[in-house]
Amino acid sequence: MTVHKAENPEAAKLSRGFGWLAVLGVILVIAGLVGLIYTGVATLTSMILFGWLLLIGGVVGLLHAVQARDSNFFWLGAVVAALNIAAGVVVIGRPEAAAAALTMFAALLFLTGGVFRLAGSLVVRGPQFGWTLVQGAFDLLLGILVLASWPSSSKYVIGCFFSLALLFDGLGLVATGFGGRKVVGMVTERQEAAAKPTHLE
């Protein structure tokens, strides 16, 4: 019996891509765990990265505005770009103060979101009444806790959120990478099994 085994370069390339995706996920998971341990460093790092994103986005937006200076939206684009640049410079120059302001903003969002969820769940009483009620109570409690310890809470709140985002994104990438490799392997095995001759030579 003759067995023909042909390698599929496309499948191998796809499998390597999923492998690198899993590697990136592991790196993000490690970064997230380290950030949860050193929340103060994670807060400063996230604020500096945020400042650079604002600065770079402002410069790019300003260049686009200059290129479209003959359009009606030139001044709007230029003003928005200038504001992004100014905000980026301030955040990079004073990351602690920016973290404190952002923490206050996040706490107010949690408070208002929690109040609206609680009120909405009590008024509507839909099929998700219990879950919405718990979410609203959690948001309200979280906002109160952050505000109660502000501004000292600004040293760890942003870093904690940033690290959790890295952790869950990394876990998602790891699951996608390993799942993708598994699916590619199963498809390749089926293709190889279908390509095998069924007669004896």
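Let's start with helix 2 and helix 3 (residues 74-93), which pack at an angle of about 155 degrees with their axes 7 Å apart. This is a predicted model, where local features need pLDDT of at least 70, side-chain atom pairs count only at pLDDT 80 or more, and totals for chains, interfaces and linings use all residues. Residues are numbered from 1 along each chain as its sequence is written, and side-chain values use heavy atoms, leaving out hydrogens and water.

Axes here are lines fitted to C-alpha atoms, for helices over the stretch in contact, and angles run from 0 to 180 degrees between N-to-C directions. Helices are DSSP runs (H or I, at least four residues), numbered from the N terminus. Helix 2 and helix 3 are therefore roughly antiparallel, a label for angles over 145 degrees, while 65 to 115 counts as roughly perpendicular.

What classes of residue make the contact of helix 2 with helix 3? There are 18 nonpolar, 6 polar and no charged residues. Nonpolar covers Ala, Val, Leu, Ile, Met, Phe, Trp, Tyr, Cys and Pro; charged covers Asp, Glu, Lys and Arg; the others, Gly among them, are polar.

Now for another partner. Helix 2 (residues 39-67) packs with helix 4 (residues 95-124) at about 95 degrees, their axes 9 Å apart. That makes helix 2 roughly perpendicular to helix 4. From helix 2, the contact (heavy atoms within 4.5 Å) uses T43, L44, M47 and I48, and from helix 4 it uses P95, E96, A98, A99 and L102. By class, that contact has 7 nonpolar, 1 polar and 1 charged residues.

Technical notes
Helix = DSSP H or I, 4+ residues; strand = E, 2+ residues; numbered from the N terminus. Parallel < 35°, antiparallel > 145°, perpendicular 65-115°, else oblique.
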